[in-house]
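Please read these points beside the coordinates. They cover a few helices and the confidence of the model.

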Amino acid sequence: MSQSSEHTTTPDEEQQMRALRKLILGDSGQVVKQLLEENARQVVSDVFSEALFDREKQDGSVNKVLLPLVEKSVQRSVANHSDQMVGYLYPIVGSLVRKSVTAFITDLLEKTNSLIENSLTVKSLIWRFKAKQAGVSFSQYVASQTFSFRVEQIFLIHRETGLLLNTLSADLHSSADADLVSSMLSAINDFVSDSFNVGKHKGEQQLDVVKTDDFTLLLKQGPKAVLVAAISGNTPQKVANQLQLSLEEIHKLYAEDLNHFNGDASVFANSEEQLRDCLIAELKIESSKTKKRPWMAWIFVLAISGLVGFLGYVRWQASQVLTHVQLIDNEPGIILTSVQLVDYDTIQFNVLRDPQAKTIDTWLAEQPLSKANITFKERAYVSLDADIIRHKVHSILSQFVDVKVEWQDNLPVFSGEFSNLNKLRLQNELNKVPGLDFKIHWLDSVKIAGTDNNAADDPVIIRAILDLNIAKLERHTIKFEPGESTLTEQNINTLIVLKDEFVNLVPIAQQQELSLGLIIMGASDSTGSNAFNRMLSQKRADAVKNKLQELGIDKSRLNAIGLGVIELKTSGDGARKVLFNVVYFDAS
């Protein structure tokens, strides 16, 4: 109890203490203030320079604080006392001007040289093309290729209001609307904070990084202000560290202004020194290693190019041969039906060739072509070309050495002499030439050997020749499949030969005053009923008759008969055929 009373202060003691303090210090401490004011100059002068030195050595803040003040003082002095400043500077102006002009010219030459190098090199042209593709300016693209990273612009933003306090750009011309960027970042930051702060006990969410196509926006949050750096390239950690140091220094120097910010950003104009520390950049390090030349790739490309060139040359040669082969269509008796290029260098063509025309091998041998890469297929046909008809006539006359021929308007004129037998033989051969349309009177100018009668004929020889050719014609048959009456292609070819032989017999028969007729007899085997077989044999005979009529034989000379079933001791298709019989009678 006694111990407690010793430490208790009574109201009287407190009143006495205040009275004593008033006697010593005076009202409101004016005695102490007066003593400090009287000795302040001495006290400050003793420690001022050392204090500035120590503070500058500690954090470098003295230079950053004094530099803006000195710059503004010099500006006001020059503005208000320009005449005096000119007088002070006049002795050194000449030297300064000369040095300035020299420096300007040197800098101009260096910039001009750099501009020429950057404008005329292949790299600069590629950079300009890629900058246009990316939709950015050439200077921005050069910066992205030159710098590993660079802080393009710094924004100092008041945290509570989102207003821009100050900004600084690495270039002389600011490339961004600072107020717009500040407002956008504040809005995004508020959105992130409101949208993702969903728990009661979770801390407030803050935006740290915003990435765009051209820049990375790095944000450092402070109690009262936010530093934002627009960075091109890859952002290293040292940029974030420098932002943090600058932000702490700004809070230390402008703590009072930040706490009582009323929208006036002019008080932060001197913060450029702190912002300038954040405008850091790092050039790309050129690799000193010798680039490996892709020899294998180049060899592969050259090999492919050589192969493509070789194949192109081979194909070009083949196309030239192809063009030349098409000239075969101009040969008499040859019709080119198709021609094509196969496997780059092989020519394949198909032709129709009259047996009397020049052979394909002979034609190829006459051409400046290599037969190694040329293949062909030919099919026979009867040509009506005038040259082929002449060739056939001359081939026939080679058997009759005493007979000559000349041509007038594509018609033959015969001369010479032969026997009656040879006359009939020649007449018979000429009747077989398709397209000649032989007339008997063409041979009237040829003399008969041993007589002056040019028209003398031996009826016995003529009848013998006629009978011989009739027997030859009657050996033709037309075969059919079971139950069929339709002519095949082979049947049609047989009927064409039969028609020619029959037409050649007509003038010989006329010399004997005989009229020829052809009986067409259809037959069938024993398969099926008798009525069906009679009908089928008649249909087969009618089909042959109609085809011969189409080929040019007068229908008055044709007679079709269906024989029905013919019992033959043969197997297979022996009875399924059409037979022929030539009949002749007196034409009178």
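1. The buried residues of α12 pack against β7 (334-342), β8 (346-353), α13 (360-366) and β9 (374-380). They are Val314, Ala318, Leu322 and Val325. Buried means under 20% relative accessible area with a 1.4 Å probe, protein chains only. Helices (H or I, at least four residues) and strands (E, at least two) are DSSP runs, numbered from the N terminus. An α-helix has 3.6 residues a turn, so residues three or four places apart point the same way.

2. This is a predicted model, in which local features need pLDDT of at least 70, side-chain atom pairs count only at pLDDT 80 or more, and totals for chains, interfaces and linings use all residues. Residues are numbered from 1 along each chain as its sequence is written, and side-chain values use heavy atoms, leaving out hydrogens and water.

3. Helix α15 (residues 420-431) crosses helix α16 (residues 459-474) at roughly 35 degrees, their axes coming within 10 Å. Axes are lines fitted to C-alpha atoms, for helices over the stretch in contact, with angles from 0 to 180 degrees between N-to-C directions. On the α15 side, Leu421, Leu424 and Asn428 meet Ile461, Ile462, Ile465 and Asn469 of α16.

4. The protein chain has an average pLDDT (the predictor's confidence in each residue, from 0 to 100) of 77, and 73% of the residues score at least 70.

Terms used:
Buried means under 20% relative accessible area, exposed over 50%, partly exposed in between (1.4 Å probe, protein chains only). Contact means heavy atoms within 4.5 Å.
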